[in-house]
Amino acid sequence: MKLALSLSKVTSQDQSDCGGKCLALAAMQSQGIPVPETLCVPTEAYRRFLGANGLDERILIELGRKDFDEMRWEELWDAGLRIRNMFLKSEIPDDLKRPLLEALEARFGQQSVVVRSSAPGEDSDAVSFAGLHDSFVNVSGSQSILKHIRLVWASLWSDAALLYRRDLHLNVAESAMAVAVQALARGDRSGVAFSRSPSDASQAVIESVYGLNQGLVDGSVEPDRWILDRASGEVLQHVAAERDVRLVPGKAGIRLESLPEHLSKQPPLAAEEVAQVFELARRLEALFGRPQDIEWTWGSEGLTVLQSRPVTTTAGTERDAGRRWYLSLRRSFENLQSLRAKIEDELIPSMVKSADALALRPTDLLADEELAAEIEYRREVYDRWVDVYWEEFIPFAHGIRLFGQVYNDALRPDDPYAFMDLLTGTSMASLARNRALEQMAAQIRENRALRNALESGESLIGSEGTTQRFVEDVKDFVERFGDLSCPMTGSGQCAGPPDALIRILLEMAEHPPRHIESEHRDSAALEQEYLSQFAPDEKDRAVELLDLARASYRLRDDDNIFLGRIEAQLMVAVEEGRRRLSERGTEGVVDLSDKQVVLGLRCPDFVPTVSRDEQTAEGVTVRARQAVGQPAGPGVANGPARVIISHTDLAAFRHGEVLICDAVDPNMTFVVPLAAAVVERRGGMLIHGAIIAREYGLPCVTGVPAATELIRTGDSVTVDGYLGVVTIVERAKPPDLSHD
């Protein structure tokens, strides 16, 4: 089969070779419907590229690290990132490159093109991969087009595409990618049309923006929307947009520009043009035999169809909703910039204000009914901020991912996570807490009398000199961060031992301080290497993207700290309620939820019903000696395991132990400077444990199934952060339960 086909050579028999997109374009062209000049690069080229570089096996290895159905979204992103880097580092063999370059040069020369995916199964009657694979707009020159074809091939393995295939039970191992290379249609107005609305079968929908269609697709430009009666074409409703920007071709790629004032006052389509788009949609529905989702543009040559695919709907299951939420995290640079301004200028100051306001409301002076109402109020405040966290803060984390992709595309590093070295060293709240801990540990290290007093449990009240300074530093630390006995920042004296802070400080003082490795990297040289890859007119945006990624990275830590302060104020009120119930003689108050505490405060005869899990892990035999997860922090280390099940286990952590847990949250990171390595059940390079481990230069493996069950405290383990492998070298001896 040829490695490049014109649309006139693509037939209905070529679905598996050319994909749904090219097939639809060929069908439209054959019926005289205007489409851009297009060259199809069939799946044969993709398969030959994989075979020449041995990528088939390497991809399967990446996806075989863990049961594919059990991989979390973060782990899919990590896998997709590593696979994408394989494509970037693999060369197109000469016997494939030569004919492709010749075909591209002959067809397009220096003409600007759009490089789009056209995977078999994509845009079919059953499924739609709309927006999941990459497209690149305004690419020119055969060498550059070839580079972007490789990136489209790589997007077959993006986290979004993997998630979609997994949820639809598609065979990932048999996936392949064809590519459509289209001449760039320079429309001044663009949009989409649904010949049948996905949400109402009696209606059709048309959306339109000024400029290129990519602005509508990626969400950076708000569209005007028309709702039409599907039978008559009558406009039932027009929802006008705030028209302020448009997406236009730049020297390379695309850019946002302000919309001229005269255009901002009128919709992109006149009434007769809305009717023309609707008639086109109906015509394509008749051609393909089912309702169509169409992308189009309108320029000097009239109305041109960019692509057409069947309208597909989902069953609306919880999993569908979860996937749609995850896909909504893929934000454009402009969207992330706006989100950052909202978070930094509005949300975080408001969150701090909420925590401070709650701290000023004393709970010990309230009557029982007033305390119950206060607990309910604080729960309402906390839940409201949790919603903000998921709706605003979590999407902003995509700034790290966007930067990582741009960095890897530009530098093609051996380590797909090398971009993280430009983000580490950013000011973070949990690192500030750890610095404060080290400063107090240094005082103990240098003051033998202070150490002896702390070890013997002597009171330091009334002390003078350096000891008094230590007392003041501890008091200041507890006011800012809590006493480390609680599972959230800013609280103290929870279920854990009251001397948790002192025990951690004494352990830190026994060993030389662990420096934050990221602070000793030559960040200026790393930044210069990154910026050197961009042309002068691209450098400003590259700088802005790096700054955005650093803000996103910082918030991955700080948002939990801020949220923890509000949760801490909820727990202050709950603990006061538990104390009062305990004084009444109520048993098991430590296990009561805030709702049960409220009920107890209001009902004198309250009897709690606390469910307890009486099962233990004793007697369970786990034979596996090695577990595979996701490599998240480079390096290899060995040490005794310390399995953390609850926050109260942290006070027993010792220097040189390997931290084994379900997930490291920002309120646990004070033990990381003591650790030799970090292992987590949850997966992902951007979860908090991986971020903090990388700050300290510690090996880290995430996404290890049943990590806290497979490994026991005291087991000697080796953590390989390069390969993502955890090996149990020697099992800890079980306790001697024999009786004399």
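**Entry 1: the chain as a whole**

I counted 23 helices and 21 strands in the chain. Helices (H or I, at least four residues) and strands (E, at least two) are DSSP runs, numbered from the N terminus. I noted that this is a predicted model, in which local features need pLDDT of at least 70 and side-chain atom pairs count only at pLDDT 80 or more, while totals for chains, interfaces and linings use all residues. Residues are numbered from 1 along each chain as its sequence is written, and side-chain values use heavy atoms, with hydrogens and water left out.

I looked up burial next: of the 740 residues in the chain, 54% are buried. Buried means under 20% relative accessible area, exposed over 50%, and partly exposed in between (1.4 Å probe, protein chains only). The accessible surface of the chain is about 32,900 Å², and 49% of that belongs to carbon and sulfur atoms. Such areas come from the Shrake-Rupley method with a 1.4 Å probe; for residues, only the protein chains shown count as cover.

I also checked contacts (heavy atoms within 4.5 Å). Among contacts with a separation of 6 or more, 67% join residues 24 or more positions apart.

**Entry 2: aromatic rings**

I found eleven aromatic pairs in the structure. Rings of Phe, Tyr and Trp (its six-membered ring) pair if their centres lie within 6.5 Å; planes under 30 degrees apart count as stacked, over 60 as edge-to-face and the rest as tilted.

I took F403 and F419 from the list: their ring centres are 6.2 Å apart and their planes stand at 70°, so this pair is edge-to-face. F403 sits in helix α14 (residues 398-411) and F419 in the loop between α14 and α15 (429-446), so the pair ties together parts 16 residues apart in sequence. F403 and F419 are both buried.

F403 has a pair with Y530 as well, with centres 5.2 Å apart and planes at 70°, so I wrote down edge-to-face again. Y530 belongs to helix α19 (residues 523-531) and F403 to helix α14, so here the linked parts are 127 residues apart in sequence. I put these rings into one aromatic cluster, formed by F403, Y407, F419, Y530 and F534.

**Entry 3: cysteines**

How many disulfides are there? I counted zero disulfides, taking a disulfide as a pair of cysteine sulfur atoms within 2.5 Å. For C18, the nearest cysteine sulfur is that of C40, 3.3 Å away. C18 is buried, at 0% relative accessibility. The sulfur of C22 has its closest cysteine sulfur in C40 at 3.5 Å, which is too far for a bond. C22 is also buried, at 0% relative accessibility.

**Entry 4: two single residues**

Is Q630 buried or exposed? Q630 is buried, with a relative accessible area of 0%. I located Q630 in strand β15 (residues 630-633). Beyond its neighbours within four places in sequence, Q630 is in contact with several residues, including R65, E75, D78 and G724.

S16 lies in helix α1 (residues 15-30) and counts as partly exposed at 46% relative accessibility. Leaving aside neighbours within four places in sequence, I listed T43 and P120 as its contacts.

**Entry 5: a spot on the surface**

L723 is in the loop between β20 (716-720) and β21 (725-730). I found L723 exposed, with a relative accessible area of 52%.
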